[in-house]
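Please keep the sequence and the 3D view open as you read.

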Amino acid sequence: QVQLVESGGGSVQAGGSLGLSCVASGIIPDNYCLGWFRQIPGYNRQAVATIHTENGSPYYGGFVRGRFTISRDIAKNTLFLQMSSLEPEDSATYYCAAGRVAASRCLSAPSPHDLGLWGQGTQVTVSS
């Protein structure tokens with residue numbers, strides 16, 4: 001089974017930028033949803049950004065407001081999340097996820113329960 005490994009988290013001041021990477025140990029099949037989720041202690045895990053292997057138009061959570069960009073390097077089996085203009089409210093554990101989910105579901109606020117593959121998470125801390 002494909003495994004996902006995130007990297008790139010860390011600490012940054014408000015207004016700064018961070019880039020997250022997620023490497024898959026194998027080839028991601030067709031018709032898969034790939035995405036980034038985040039979880040703040042005491043809150044549910046929420047979708048940050050998702051893309052679908054069959055559709056290039058990504059989904060972004062409403063709180064992103066144009067500050068984040070999700071992308072994918074197919075040849076390197078790697079998913080990226082570039083974050084800029086970070087705010088303290090963005091502090092969370094960020095998870096990479098993948099699953100066989102239809103594009104219509106993947107690209108419209110997917111639930112974390114929709115995706116079955118998860119990385120271990122990487123911490124992002126934004127200080128004011």
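The structure holds 2 disulfides, a disulfide being a pair of cysteine sulfur atoms within 2.5 Å. Before we look at them, a word on the source: this is a predicted model, in which local features need pLDDT of at least 70 and side-chain atom pairs count only at pLDDT 80 or more, while totals for chains, interfaces and linings use all residues. Residues are numbered from 1 along each chain as its sequence is written, and side-chain values use heavy atoms, with hydrogens and water left out.

## The disulfides

Let us start with Cys 22 and Cys 96, which are joined by a disulfide with an S to S distance of 2.0 Å. Cys 22 belongs to strand S3 (residues 18–24) and Cys 96 to strand S9 (residues 92–99), so this pair ties together parts that are 74 residues apart in sequence. Helices (H or I, at least four residues) and strands (E, at least two) are DSSP runs, numbered from the N terminus. The torsion about the S-S bond of Cys 22 and Cys 96 is about -75°, so this disulfide is left-handed. Cys 22 is buried at a relative accessible area of 2%, and Cys 96 is buried with a relative accessible area of 2%. Here buried means under 20% relative accessible area, exposed over 50%, and partly exposed in between (1.4 Å probe, protein chains only).

The other disulfide is formed by Cys 33 and Cys 106, whose sulfur atoms are 2.2 Å apart. Cys 33 lies in strand S4 (residues 33–39) and Cys 106 in helix H1 (residues 103–106), so the link ties together parts that are 73 residues apart in sequence. With 75° about its S-S bond, the link of Cys 33 and Cys 106 is right-handed. Both Cys 33 and Cys 106 are buried. When the bonded cysteines of the chain are numbered in sequence order, the pairing reads 1-3, 2-4.

## The salt bridges

How many salt bridges does the count come to? The count comes to 4, where a salt bridge is a side-chain nitrogen of Lys or Arg within 4 Å of a carboxyl oxygen of Asp or Glu. Among them are these pairs:

| Pair | N to O distance |
|---|---|
| Arg 38 and Asp 90 | 2.9 Å |
| Arg 65 and Glu 87 | 2.4 Å |
| Arg 67 and Asp 90 | 2.6 Å |

Arg 38, Arg 67 and Asp 90 are linked in a network of salt bridges. Asp 90 counts as buried at 1% relative accessibility, and Arg 67 is buried with a relative accessible area of 8%. Both Arg 38 and Asp 90 are buried.

## A stop at Thr 122

Thr 122 is found in strand S11 (residues 122–127) and is buried, with a relative accessible area of 11%. A polar atom of the Thr 122 side chain lies 3.2 Å from the backbone nitrogen of Gly 9. Leaving aside residues up to four places away in sequence, Thr 122 touches several residues, including Glu 6, Leu 20, Ala 92 and Tyr 94; contact means heavy atoms within 4.5 Å.

Terms used
Polar contact = N/O pair within 3.5 Å; in protein donor to acceptor, adjacent residues only side chain to side chain.
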